[in-house]
Amino acid sequence: GQCALACPTGAIVVKDDTQKVWKEIYDKNTRVSVQIAPAVRVALGKELGLNDGENAIGKIVAALRRMGFDDIFDTSTGADLTVLEESAELLRRIREGKNDMPLFTSCCPAWVNYCEKFYPELLPHVSTCRSPMQMFASIIKEEYSTSSKRLVHVAVMPCTAKKFEAARKEFKVNGVPNVDYVLTTQELVRMIKESGIVFSELEPEAIDMPFGTYTGAGVIFGVSGGVTEAVLRRVVSDKSPTSFRSLAYTGVRGMNGVKEASVMYGDRKLKVAVVSGLKNAGDLIERIKAGEHYDLVEVMACPGGCINGGGQPFVQSEEREKRGKGLYSADKLCNIKSSEENPLMMTLYKGILKGRVHELLHVDYASKKEAK
Ligand code: SF4
């Protein structure tokens with residue numbers, strides 16, 4: 001796919017993890033949890049007898065349960081954590097008024113790799129937030145740490161770059177990765193077919209508790225502009241439906257490779273840029289170096305964002321748009337639109353995360369570079 005071409009790690013032959021995951025599921029001594037990324041739900045339909053772009057999350061949950069996964073979660077919940085941490089970082093930078101804008105997003109590992117390789121001097125501008133996958137994996141491993149069984153955590157992701165992210169040493173605890181296996185959407189499709197499940201006939205089922213709540217802001221992470229819109233929902237003071245609707249029309253949505261928008265924050269105008277495709281990221285960086293100002297820059301390596309990831313079943317561009325629309329419809333169905341209103345967040349910050357926010361949710365790509 002296009003991600004593999006754009007991604008610096010794409011040259012490496014990507015391993016297939018399906019057999020290893022089956023083995024873990026059948027091992028009586030393991031407790032196997034799984035999280036599903038937002039972009040996956042709108043991309044596997046066609047392969048399994050539904051329409052592309054159709055939100056299949058309920059059927060995916062039902063399938064994973066039949067396949068034998070013990071705990072099934074949605075990465076959108078992890079994305080809510082990312083929104084809270086990333087907005088706090090953005091507002092802190094603005095408050096401190098140092099000359100360290102823009103803040104670049106950090107949830108796409110192919111972008112982080114690209115930045116480390118070609119623009120290491122910009123790493124202090126890359127958010128210290130771990131990706132939603134990694135934030136959520138830290139929480140899940142923590143929650144079940146007292147289990148008598150060996151914990152295995154699987155993430156179903158739209159790209160192969162996530163396999164390399166999961167293997168980074170920053171995300172291991174005592175040598176064990178927080179995410180033990182990453183399955184791409186294509187690998188999940190294969191496993192569903194192998195198990196003989198008739199996907200199109202499954203009754204949709206709900207995500208497990210205690211991490212079963214997520215917001216529309218978390219779901220739209222799967223499409224280019226989603227992270228930015230989610231952060232803007234968090235930072236604007238007017239939280240009315242009209243205000244959120246107007247955010248959608250600022251220019252952050254749509255399939256263009258470069259999008260720009262301005263939003264008022266108090267008496268200050270926040271200028272944001274949303275780029276997808278690494279060539280567009282490189283071009284924007286050159287403009288920033290030449291003096292153009294932005295407060296927040298979202299970068300996704302795949303054109304259109306994760307809906308078009310290299311691990312997703314391949315489709316033409318019109319179908320891609322349907323996947324984006326599918327995620328915005330899923331957002332509409334969520335009764336909570338802004339991450340700070342997710343009741344689970346409060347529980348996490350008062351519980352597992354108390355005094356451990358940095359340890360469990362952040363990573364410092366920049367200082368790692370200096371230490372080398
Ligand atoms: Fe993976 Fe999404 Fe980045 Fe593509 S945009 S490399 S799918 S994280």
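Mentor: Two strands pair if DSSP finds at least two bridges between them; strands (E, at least two residues) and helices (H or I, at least four) are DSSP runs, numbered from the N terminus. This is a predicted model, in which local features need pLDDT of at least 70, side-chain atom pairs count only at pLDDT 80 or more, and totals for chains, interfaces and linings use all residues. Residues are numbered from 1 along each chain as its sequence is written, and side-chain values use heavy atoms, with hydrogens and water left out.

Trainee: What makes β9 and β10 a pair?

Mentor: β9 and strand β10 (residues 296–300) share five bridges, in the parallel sense, and the rule asks for at least two, so they pair. V275 stands opposite V299 in β10.

Trainee: In which sense do β8 and β9 pair?

Mentor: Strand β8 (residues 258–265) and strand β9 (residues 268–276) pair in the antiparallel sense, over eight bridges. S262 has K271 of β9 as its bridge partner. β8 and β9 form a hairpin with two residues between them, and G266 in the turn has a positive phi of about 60°.

Trainee: Why is the β-α-β unit called right-handed?

Mentor: β9, helix α12 (residues 278–289) and β10 make that unit. The name means that, with the strands pointing away from the viewer, the path from the first strand over the helix to the second runs clockwise.

Trainee: What makes a space a cavity?

Mentor: On a 1 Å grid over the protein atoms alone, a cavity is a set of points where a 1.4 Å probe fits but cannot get out; lining residues have an atom within 4 Å of a point. Two cavities of 30 Å³ or more are counted. Of its 27 lining residues, the closest to its centre are C107, P158, K162, M300 and C306.

Trainee: Where does the ligand sit?

Mentor: The ligand sits in the largest cavity, that is, more than half of its atoms lie within 2 Å of the grid points. It is surrounded by 12 residues, the closest being C108, C159, C302, C306 and G309.

Trainee: Which element gives the most to the lining of the second largest cavity?

Mentor: β4 does, with three residues. About 50 Å³ of space lies in this second largest cavity, and its lining includes R31, D71 and K141.

Methods
Near = heavy atom within 4 Å. 1 Å grid on protein atoms, 1.4 Å probe; cavity = no way out; pocket = protein on both sides within 12 Å on 5 of 7 lines; lining within 4 Å. Points joined across faces, edges and corners; volume = space filled by probe spheres on them.
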